[in-house]
Amino acid sequence: MTFKGKDYTPKAFVKDKEVREEFRRDQYLGDFKTTGVFVELYCRDHEYIDGDRVKISINGIVIDANNLLGGTFTPIMVRLDDGLNNIEFEALNQGTSGPNTAEL
């Protein structure tokens, strides 16, 4: 952002961060037990709102192929199957200020 010839763009937003190998690996977020039929998932972009997107799958079925993350948590109601359920979040991009900073 420029005002009266001076650039006021925060230095953190001037250049996209490099994609480091540590950001390219899967992360296991744990097991959770419930007797409920539904679970409510919440996700948001917890840093700079820069266009981060995630794909959400339940038991191998994509329930949201291109979720644009905002600054507030967005609830997603999911019906669970009997037994073990697998919930996956996949970062689709790193927005304009990588890495993808999804908070789940």
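Which residues form a nonpolar patch on the surface? In this predicted model, local features need pLDDT of at least 70 and side-chain atom pairs count only at pLDDT 80 or more, while totals for chains, interfaces and linings use all residues. Residues are numbered from 1 along each chain as its sequence is written, and side-chain values use heavy atoms, with hydrogens and water left out.

The patch consists of Val37, Phe38 and Met77, which together have about 300 Å² of accessible area. Areas come from the Shrake-Rupley method with a 1.4 Å probe, and for residues only the protein chains shown count as cover. Met77 belongs to strand β6 (residues 74-79); strands are DSSP runs of E with at least two residues, numbered from the N terminus. With a relative accessible area of 53%, Met77 is exposed (over 50%; buried is under 20%, partly exposed in between).

Turning to the sheet, three strands form an open, antiparallel arrangement in the order β5-β4-β7. Because β5 and β7 (87-91) stand at the edges with a single partner strand each, one side of each is left without a neighbour in the sheet. Strands β4 (residues 53-58) and β5 (residues 61-68) pair over five bridges, where pairing requires at least two bridges found by DSSP. Val54 has Asn67 as its bridge partner in β5, and Ser57 has Val62. Two residues separate the strands of this hairpin, in which Asn59 takes a positive phi near 50°.

Key:
Helices (H or I, at least four residues) and strands (E, at least two) are DSSP runs, numbered from the N terminus. Patches are made of residues with over 30% relative accessible area and no salt bridge: like charges are joined within 9 Å, nonpolar side chains (Val, Leu, Ile, Met, Phe, Trp, Tyr) within 5 Å. A salt bridge is a side-chain nitrogen of Lys or Arg within 4 Å of a carboxyl oxygen of Asp or Glu. Buried means under 20% relative accessible area, exposed over 50%, partly exposed in between (1.4 Å probe, protein chains only).
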